[in-house]
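Trainee: Please take a close look at a single part of this model. I would like one connected account of its surroundings.

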Amino acid sequence: MSKSRDLTEGSVSGHLVRLGLPTIIAVAGILSVSMADAYFLGQLGTDELAAISFTFPVLMVVASLGIGMAAGAASVVSRAIGRGGQANINRLATDSLLIAFIVSTVVAIVGWLTVRPFFAMLGADGAVLDLVTGYMRLWYLGAPLLAVPMVAAGLIRANGDAVAPSVAMLIGSLLNVALDAILIFGWGPIPELGILGAGWAQIFARIFSASVTVAIVVFRERLITWCLPTAVEFTRSLGSIARVGVPATFSNMINPISVSVVTAILATTYGKEAVAAFGVATRVEAFTTIPMLALSSAIGPVAGQNWGRDRRDRTRRAMRDTFWFVILCGLILGGSFFMFGDVFVAFFTSDSVVENLAVSYLTFVGITLGGYGVVITASAALNAIDKAIVGLLITVLRSFVLYVPLAVAAVMIGPPWLVFAGIALANVLSGAVSGVLAFRMAQDVRKPAAEGLAAEVG
């Protein structure tokens, strides 16, 4: 590995910036795909838009599984890189890709066979059920092509490069959006495929992303061994990756679940205007917190390599720099929402009631987004240093111990803005606890990092 990609030397903050900046563009590209799908299919009609809306829970579960496996792979490989020993690094990287392919293939087969009864159980019927069945059968065919490039990108980042996977993801996203327009509506000799066009667009884009990221892992990073693992080696790799990947998967699923619960609370108590306002505000929030999400991807390789090298002072410094950045980012966002919240919201709605409620959310919650940023970056850092259970616990703390209960309590007291104030309080309290806990875990000296890594690779 070149010195420029050795994250155990040089400026910690410099490494975080170098790894985080390219990821900002990639995350923005990924978010643009879901918006493009909704926009294009919404032009076809209500049935198509309803069908794509029904797919959200399944897509979130499978995507969370891919993110979890990528986090597990990046964690064990970054620590292995920090420790050294190319044979062990290659074994873990190769097994990570094999595990991603096997698990995603099994999920795809089960999903494909159960599409129609599953979505009928969720409430889809008639033409909507036909549309969602056709779309998801295509989507499941490409499920392995979603998980494998996620894991490959995680391996490349673990080796100190965030530019290549980010560029591949961005180009794949742009290709997806372009193919959406062509295949959904038809163009020249290409017939109009409707919702199936969106499914084919995703498959073609995933083929591109998978081909590029795996090629980088194989030919440039040289992280692959062509020797098949023994049963013992594969079991050890699976255990090491699952120890991080399983908690990381649940961590990624928790936030959308808690948001869904709060949406249901707002709907039953205050009506559709509050739900619309919450939806608008959280979309604005998602785009403005992209730098925080990018930094949560950057801190993993930095923390993991230094933990593997037993440079725990640098791991703690990475946490400190990251936490200060997201807190500052939250304060800037809060100020921006206070002054220009109505401008942001106006892009999504012209309803005065919805606009006022959405601005109220951004005013209360915006200034506390730094706390949420500490939670997600602390969780990513803990995944990287093999403390994924603690990372899961702080996510549970924020979502199920504070976020949802405070929203429920606020509903019992009064108007919607109290719910938003409860969410703000959840961000502050969970951020404080997460930061303290992450530093304590990074000071754990009961088991040296080298010893823990040796146990992983046997």
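Mentor: Arg206 counts as buried, because its relative accessibility is 9% and buried means under 20% relative accessible area, with exposed over 50% and partly exposed in between (1.4 Å probe, protein chains only). This is a predicted model, in which local features need pLDDT of at least 70, side-chain atom pairs count only at pLDDT 80 or more, and totals for chains, interfaces and linings use all residues. Residues are numbered from 1 along each chain as its sequence is written, and side-chain values use heavy atoms, with hydrogens and water left out.

Arg206 lies in helix H9, residues 195–220. Helices are DSSP runs (H or I, at least four residues), numbered from the N terminus. The side chain of Arg206 reaches the backbone oxygen of Gly142 at 2.9 Å. A polar contact is a pair of N or O atoms within 3.5 Å; within protein, one must be able to donate a hydrogen and the other to accept it, and residues adjacent in sequence count only if both atoms are side-chain atoms. Not counting residues up to four places away in sequence, Arg206 touches Trp139, Gly142, Ala143, Leu145 and Leu146. Contact here means heavy atoms within 4.5 Å.

Next, the loop between helix H8 (163–185) and H9. Gly188 is found there. Gly188 is exposed, with a relative accessible area of 70%. Its C-alpha atom is separated by 47 Å from that of Gly330, 142 residues away along the chain.

Now to another buried residue. Ala303 sits in helix H12, residues 290–308. Ala303 counts as buried because its relative accessibility is 0%. Its contacts, not counting residues up to four places away in sequence, are Thr315, Ala381, Ala384 and Ile385. Ala303 and Ser78 are 225 residues apart in sequence, yet 8.4 Å apart in space, C-alpha to C-alpha.

Last, a helix pair. Helix H11 (residues 272–288) and helix H13 (residues 312–346) pack at an angle of about 130°, their axes 12 Å apart. Axes are lines fitted to C-alpha atoms, for helices over the stretch in contact, and angles run from 0 to 180 degrees between N-to-C directions. H11 and H13 are therefore oblique to each other: angles under 35 degrees count as roughly parallel, over 145 as roughly antiparallel, 65 to 115 as roughly perpendicular and the rest as oblique. Val280, Val284 and Thr288 of H11 make the contact with Leu333, Phe337, Phe344 and Val345 of H13.

Methods:
Helices (H or I, at least four residues) and strands (E, at least two) are DSSP runs, numbered from the N terminus.
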